[in-house]
Amino acid sequence: MWVLVFFDLPTETKKDKRAYQLFRKQLQKDGFTMFQFSIYVRHCASMDNAEVHIKRVKNFLPEYGNVAVMCITDKQFDNIKVFTGSKIAKRKSQPLQLELF
């Protein structure tokens, strides 16, 4: 089971930026890994385990912005097709490439 967290958070003020950074750090602390810039994923052994992590995400939601959570099976995750442009510049903050289980 995979838990995907999608988010669109404001970063206009210093307070917004701090909330954004804290949210990302809390996701990482809970075992989530960046899949794309605003999509984090975490593998869970069962739906019960996934519910534990979903509740944790709900507990550290930022005041503003949108956060969505979706659970998919290993087989569904394996079917994700990732396409990369041939002329992508090397960036410091590129998303991590995940190995599929």
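Biologist: What makes Lys14, Lys15, Arg18, Lys25 and Lys29 of helix 1 count as exposed?

Modeller: Exposed means over 50% relative accessible area, buried under 20%, and partly exposed in between, with a 1.4 Å probe and protein chains only. Lys14, Lys15, Arg18, Lys25 and Lys29 fall in the exposed class, on the other side of helix 1 from the buried Asp16, Phe23 and Leu27. The model is predicted: local features need pLDDT of at least 70 and side-chain atom pairs count only at pLDDT 80 or more, whereas totals for chains, interfaces and linings use all residues. Residues are numbered from 1 along each chain as its sequence is written, and side-chain values use heavy atoms, with hydrogens and water left out.

Biologist: Why is Asp30 called buried, and what does its side chain meet?

Modeller: Asp30 is in the loop between helix 1 and strand 2. At 9% relative accessibility, Asp30 is under the cut-off and therefore counts as buried. Its side chain and that of His53 are joined by a polar contact of 2.9 Å. That term requires a pair of N or O atoms within 3.5 Å; within protein, one must be able to donate a hydrogen and the other to accept it, and residues adjacent in sequence count only if both atoms are side-chain atoms. Leaving aside residues up to four places away in sequence, Asp30 touches Arg42, His53 and Arg56.

Biologist: What makes residues 14-29 a helix, and how does the span compare with expectation?

Modeller: Helices are DSSP runs of H or I with at least four residues, strands runs of E with at least two, both numbered from the N terminus. Helix 1 has 16 residues. The expected span is 1.5 Å times one less than the number of residues; helix 1 reaches 22 Å from first C-alpha to last, close to the 22 Å expected.

Biologist: How do you know that strand 2 and strand 3 pair?

Modeller: Pairing needs at least two bridges found by DSSP. Strand 2 (33-36) and strand 3 have 3 and run antiparallel, with Gln36 opposite Ile39. Strand 1 and strand 3 pair in the antiparallel sense over 5 bridges, Val3 having Arg42 as its partner.

Biologist: Which strands are called edge strands, and why?

Modeller: The open sheet has 4 strands in the order 2-3-1-4, with antiparallel pairing. Strand 2 and strand 4 are the edges: each pairs on one side only.

Technical notes
Contact = heavy atoms within 4.5 Å.
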